[in-house]
Amino acid sequence: IATMAMAELLLLTGDKIALGQSVELAAELCLRAQNDGYGWRYGIKPGDNDTSVTGWMILALKACKAADMRKPAPERYEKAFKDALEWFRRATSITTGITGYKAPGDEGSRLNGIYPADPYPFSKELSCMTAVAVLCRLFAGEKRTDEMIKKGVNILLRELPAWQEQAGNRLSKINVYYWYYGTYALFQFGGVPW
């Protein structure tokens with residue numbers, strides 16, 4: 001997230017003298033941390049992947065690439081995006097279009113161990129990882145006409161942002177993470193859904 005913020009500040013200011021080297025080094029670290037052929041998790045090539053960290057890395061690298069620095073080379077970004085797409089394909093259910101945190105359709109937004117299992121305070125209908133996947137697939141080069149992107153958009157349209165607090169058995173729909181990614185994904189998708 002800090003890498004994304006620095007790259008966006010560089011884009012806004014054009015100050016390559018103050019920010020250029022930091023952005024280049026941060027992009028290089030992000031690229032080196034990616035698991036071969038897939039996405040990211042916590043650490044440098046830890047061998048496992050998750051959709052949330054992969055999403056933040058795609059956003060960071062997209063901003064770094066847009067900053068148009070001499071390093072890292074453009075083809076390294078393209079390989080990172082291509083490999084991340086493979087992770088999103090692996091983490092997305094072909095039948096439902098729901099993207100999981102570490103596997104298709106898992107409860108990606110659940111904070112295990114923090115809240116009691118029953119009742120879980122956040123609606124499981126809010127598919128946070130699907131929102132991440134839709135946005136990042138678009139940023140990584142997939143087309144709006146891709147079947148999995150369209151399925152993901154339809155999932156997001158079923159759960160538009162709504163201020164609903166937990167009350168009794170009614171689950172909360174207040175999830176800023178979901179709202180951020182879902183809104184950004186629908187904006188990038190455009191058209192009638194946006």
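In which crossing does helix 5 pass helix 7, left-handed or right-handed?

Author: Helix 5 passes helix 7 in a left-handed crossing.

First, the ground rules. This is a predicted model, where local features need pLDDT of at least 70 and side-chain atom pairs count only at pLDDT 80 or more, though totals for chains, interfaces and linings use all residues. Residues are numbered from 1 along each chain as its sequence is written, and side-chain values use heavy atoms, with hydrogens and water left out.

Helices are DSSP runs of H or I with at least four residues, and strands are runs of E with at least two; both are numbered from the N terminus. Two packed helices are described by the angle between their axes and the distance between the axes. Each axis is a line fitted to C-alpha atoms, for helices over the stretch in contact, and angles run from 0 to 180 degrees between N-to-C directions.

Now the pair you asked about. Helix 5 and helix 7 pack at about 35°, and their axes are 8 Å apart. Contact here means heavy atoms within 4.5 Å. On the helix 5 side are C128, M129, A131, V132, V134, L135, L138 and F139; they meet Y177, Y178, Y181, G182, Y184, A185, Q188 and F189 of helix 7. These residues divide into 14 nonpolar, 2 polar and no charged.

Angles under 35 degrees count as roughly parallel, over 145 as roughly antiparallel, 65 to 115 as roughly perpendicular, and the rest as oblique. The crossing of helix 3 and helix 7 is left-handed. S52, G55, W56 and L59 of helix 3 make the contact with Y177, Y180, Y181 and Y184 of helix 7. By class, this contact has 6 nonpolar, 2 polar and no charged residues.

Helix 5 has another partner in helix 4. The axes of helix 4 (residues 74-91) and helix 5 (residues 128-139) come within 10 Å and cross at roughly 150°. So helix 4 is roughly antiparallel to helix 5. Helix 4 passes helix 5 in a left-handed crossing. L85, F88 and R89 of helix 4 make the contact with V132, A133, C136 and R137 of helix 5. Its classes are 5 nonpolar, no polar and 2 charged residues.

R89 of that contact also pairs within its own helix. Its side chain meets that of E86 in a salt bridge (3.8 Å, N to O). A salt bridge is a side-chain nitrogen of Lys or Arg within 4 Å of a carboxyl oxygen of Asp or Glu. The two residues are 3 apart in helix 4, so about one helical turn separates R89 and E86. R89 is partly exposed, with a relative accessible area of 39%. E86 is partly exposed as well, at 33%. The scale is this: buried means under 20% relative accessible area, exposed over 50%, and partly exposed in between, with a 1.4 Å probe and protein chains only.

Helix 4 holds another such pair. K79 and D83 meet in a salt bridge (2.6 Å, N to O). They are 4 residues apart in helix 4, again about one helical turn. D83 is buried, at 10%.

A84 sits in helix 4 too. At 0% relative accessibility, A84 counts as buried. Leaving aside neighbours within four places in sequence, A84 is in contact with Q34, Y38, W40, T54 and I58.

The side chains of K102 and D48 meet in a salt bridge (3.1 Å, N to O). K102 is in the loop between helix 4 and helix 5 and D48 in the loop between helix 2 (16-33) and helix 3 (51-66), so the pair ties together parts that are 54 residues apart in sequence. R41, D48, D50 and K102 are linked in a network of salt bridges.

Notes
Left-handed = near helix turned anticlockwise from the far one by under 90°. Nonpolar A, V, L, I, M, F, W, Y, C, P; charged D, E, K, R; others polar.
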